Amino acid sequence: MATTTNTSEYDRKTEVKAFDDSKAGVKGLVDAGLTKVPLMFIHPPDDTKSDTAVSEFRAPLIDLAGVHDNRRPKIIDQVREACENLGFFMAVNHGIPASVLEDMIDGIRRFHEQDAQMKKEFYSREFAEKVSFLSNFNLLRSPAATWRDSLCWPVAPNPPNPTEFPAVCRDIAIEYSKGVKRLGYTLLELMSEALGLDANHLKDMECGEKYFHGGHYYPPCPEPELTLGVERHSDSCFLTLLLQDQVSGFQVFHHNHWIDVVPHPGALLIIVGLSLQVVITNDRFKGLEHRVLVNRVRSRVSVTSGFSPTFFASSKLYSPIKELVSEENPPKYEEATMADHVAYLRGERV
């Protein structure tokens, strides 16, 4: 594909099409010996600048050991504080063995670092329907692409047949999904109780019935100051579980600063999404704005598990939970599909 940096000769549509048609992803560019970031990946300087002025910031670390026993009230209090004030926390002793976490990261890395021809057979933009390899979910619409390739697949309600998975990560992807499902239900219980509701309230609203995985790969970048691994955003999900390797890059927007969240061995990041913040809790929980930086030297691997009503087509209507609204705290959002809610909110922020 063309890698011109002369803006007077730049045809973004042609460059994007050539990149997409190559089915090689960002890693394909790096493997070809790219030394300059193509224009289609360059973001405005204000979007890529980094400041970590709040050096004393520490991500909340919640130990889920004893979550079904006598420690549950304390854990609920910690979850409430984190969700209301920050929109995320790190969870340890969450029930998914460290060996499974490590094998999942290794499996995703194996997929992305295998021969390009093996990956091309999975290349597709129909990622909500089948196991798909692609680069940039919104490549054809976004003004600037991000430095990331992804292997994505729906898990529930309609998981792929095991034979549809790449052989290099098939077994661990299926095993990891089982652990994520159990943990997701536990987190929804904790969040329900943190809101003063019955433990099953969010589960009964089917907040855990639709979810998907994304296995992401961020290759080394020759000019990391010009692009992003993931642009600034809040997830549309109810909640996201994020597994990362030990390469830094994930940042949260806190008190008008971008803050590094240093990976913690064995921990999963639990992120509140827009669907939970605005529509379900009437802004009581805080959706997390975050992004991912890339670097010159090391690749980065992460796995996202999004419990999301917007990833799949649905006519189900949502509005704030009636137990959380009152005359003093009236509902801020009318009944609508979650996709319409999220589109409206993201439109407001443009």
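**Charge patch and aromatic pairs**

Author: In this predicted model, D103 counts as partly exposed because its relative accessibility is 39%. D103 sits in helix α5.

Reader: Which residues gather in the patch of negative charge on the surface?

Author: E102, D103, D106, D171 and E175 make up that patch.

Reader: And which helices each supply at least two of its residues?

Author: Those are α5, residues 98–113, and α7, residues 170–194. The largest share, three residues, comes from α5.

Reader: Switching to rings. How many aromatic pairs does a search of the whole structure find?

Author: The search turns up nine. One of them is Y211 with F307, which counts as stacked because the ring centres are 4.6 Å apart and the planes meet at 20°.

Reader: Where in the chain do Y211 and F307 sit?

Author: Y211 is in strand β5 (residues 211–218) and F307 is in strand β12 (residues 300–307).

Reader: What about F253 and W258, stacked or tilted?

Author: Tilted, because their planes are at 55°, with the ring centres 5.0 Å apart. W258 counts as buried, at 8% relative accessibility.

Reader: Which residues form the aromatic cluster?

Author: F111, F122, Y123 and F133 form one cluster.

Technical notes
Residues are numbered from 1 along each chain as its sequence is written. This is a predicted model: local features need pLDDT of at least 70, side-chain atom pairs count only at pLDDT 80 or more; totals for chains, interfaces and linings use all residues. Side-chain values use heavy atoms; hydrogens and water are left out. Patches are made of residues with over 30% relative accessible area and no salt bridge: like charges are joined within 9 Å, nonpolar side chains (Val, Leu, Ile, Met, Phe, Trp, Tyr) within 5 Å. Accessible areas come from the Shrake-Rupley method with a 1.4 Å probe; for residues, only the protein chains shown count as cover. A salt bridge is a side-chain nitrogen of Lys or Arg within 4 Å of a carboxyl oxygen of Asp or Glu. Lys and Arg count as positive and Asp and Glu as negative; His and the chain ends are not counted. The place of a charge is taken as NZ of Lys, CZ of Arg, CG of Asp or CD of Glu. Helices (H or I, at least four residues) and strands (E, at least two) are DSSP runs, numbered from the N terminus. Buried means under 20% relative accessible area, exposed over 50%, partly exposed in between (1.4 Å probe, protein chains only). Rings of Phe, Tyr and Trp (its six-membered ring) pair if their centres lie within 6.5 Å; planes under 30 degrees apart count as stacked, over 60 as edge-to-face and the rest as tilted.
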